[in-house]
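Subject: Structure handover

Hello,

Please find the structure below, followed by notes on what was found in it.

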Amino acid sequence: MNRTKINKARIGRYGSKLLSYMKEHNQNMYTELLFSGCLEDWLAEQNEICKEKIWEYAQRIAKARGITEELKARDQMAWVGAMNTIRAQAKETAASKISDNDWRGREIISSAL
């Protein structure tokens, strides 16, 4: 089989997890993307989509909970703690929402955390 070198830095954390998952559980999709020359681009795009979704969810959760820049200026430790909790929740939310692709987003993101 063609051994194309994948730039792990380019495809990121979620792209790397997706690549591992595809090699094991979705070899048809992996092979199709590999031989078409689109694998690395597709993985990098999926990584960016995942990161954008996590950021989006974190911002929504923070707004809903009243975690603002004002809190950050007033009590930085409280803000950091709240944002760490929100980020973890956003990752879980993103993982549960990723269903547009032919892969199991929850498993990939959860194992990448």
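A salt bridge here is a side-chain nitrogen of Lys or Arg within 4 Å of a carboxyl oxygen of Asp or Glu. The structure holds six of them.

This is a predicted model, in which local features need pLDDT of at least 70 and side-chain atom pairs count only at pLDDT 80 or more, while totals for chains, interfaces and linings use all residues. Residues are numbered from 1 along each chain as its sequence is written, and side-chain values use heavy atoms, with hydrogens and water left out.

One of the salt bridges joins E40 and R10, with the closest N and O atoms 3.1 Å apart. E40 lies in helix 3 (residues 39-65) and R10 in helix 1, so this pair ties together parts 30 residues apart in sequence. Helices are DSSP runs of H or I, at least four residues, numbered from the N terminus.

R10 also forms a salt bridge with D41, at 2.7 Å between the closest N and O atoms. R10 is partly exposed, with a relative accessible area of 38%, and D41 is partly exposed at 44%. Buried means under 20% relative accessible area, exposed over 50%, and partly exposed in between (1.4 Å probe, protein chains only).

Within helix 3, E56 and R60 are four residues apart, about one helical turn, and form a salt bridge at 2.7 Å between the closest N and O atoms. R60 is exposed, with a relative accessible area of 52%. Salt bridges that share partners join R10, E40 and D41 into one network.

Regards

Methods
Helices (H or I, at least four residues) and strands (E, at least two) are DSSP runs, numbered from the N terminus.
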